[in-house]
Amino acid sequence: LTSEQQAILAAPSGKLTLRYGIRLEAGEESEDIVGNILVYPAGSEESAYQAVSVSVAEPVANATISSGPDQVLSGTVIKPQSENVKVSWFVSSGKVTNRRAKETKWEPQSAGTQTVIMTARGMRSGSFALKAVDVTVE
């Protein structure tokens, strides 16, 4: 670290945000990935943070469900420390009633194998978790 970066970390509420960018290339295709790395001083509350985790309660992985409008999406977020967490739901087809709720409803649009993904992000720590399950819609 530079002396300026070390001075920032030495401040009572100091932290560094390091922005990065990576370009992955394969033949004619390329994908840009950007993000932040948060650096906290040793001994700070944030340096002891542990990542959040999620589990999908409904639908159960590999279950068969109907195509009706009231399919339940529910999950659990485990927060090792006290921080606000942002929850999101993503589905491979259909409409989710409230994408930001831990429990909501889903209306699948097509039959066949569908993927349901639940994510959670710690608002202070920036930790991220996701869980995906596949279900069969009849």
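These are my notebook entries on a few spots I looked up in this predicted model.

**Ground rules**

I'm working with a predicted model, where local features need pLDDT of at least 70 and side-chain atom pairs count only at pLDDT 80 or more, while totals for chains, interfaces and linings use all residues. Residues are numbered from 1 along each chain as its sequence is written, and side-chain values use heavy atoms, with hydrogens and water left out.

**Entry 1: Asn84**

I found Asn84 in the loop between strand 5 (71-78) and strand 6 (85-91). Strands here are DSSP runs of E, at least two residues long, numbered from the N terminus. Is Asn84 buried or exposed? Asn84 is exposed, because its relative accessible area is 61%. (Exposed means over 50%, buried under 20%, and partly exposed in between, with a 1.4 Å probe and protein chains only.)

Next I checked its contacts (heavy atoms within 4.5 Å). Leaving aside residues up to four places away in sequence, Asn84 touches Arg121, Gly122 and Met123. I also looked at Val137, 53 residues apart from Asn84 along the chain: their C-alpha atoms are separated by 33 Å.

**Entry 2: Thr119**

I moved on to Thr119, which lies in strand 9 (residues 112-122). Thr119 counts as buried because its relative accessibility is 9%. What does Thr119 touch, not counting residues up to four places away in sequence? My list for Thr119 reads Val54, Lys86, Val87, Ser88, Phe90, Phe128, Ala129 and Leu130.

I traced an open sheet of four strands, in the order 3-5-8-7, with antiparallel pairing. (Two strands pair if DSSP finds at least two bridges between them.) Which strands stand at the edges? They are strand 3 (53-58) and strand 7 (95-96); each has a single partner strand, so one side of each is left without a neighbour in the sheet.

I then zoomed in on strand 7, which two bridges join to strand 8 (residues 103-107), the two running antiparallel. Val96 stands opposite Trp106 in strand 8.

**Entry 3: a nonpolar patch**

On the surface I picked out a nonpolar patch formed by Leu18, Tyr20, Ile22, Leu24, Ile33 and Ile37. Strand 1 (16-26) and strand 2 (29-39) each supply at least two of its residues. Which strand gives the largest share? Strand 1 does, with four residues.

Ile33 is partly exposed, because its relative accessible area is 36%. For a patch, residues need over 30% relative accessible area and no salt bridge; like charges are joined within 9 Å, and nonpolar side chains (Val, Leu, Ile, Met, Phe, Trp, Tyr) within 5 Å. A salt bridge is a side-chain nitrogen of Lys or Arg within 4 Å of a carboxyl oxygen of Asp or Glu.

Conventions: Two strands pair if DSSP finds at least two bridges between them. Accessible areas come from the Shrake-Rupley method with a 1.4 Å probe; for residues, only the protein chains shown count as cover.
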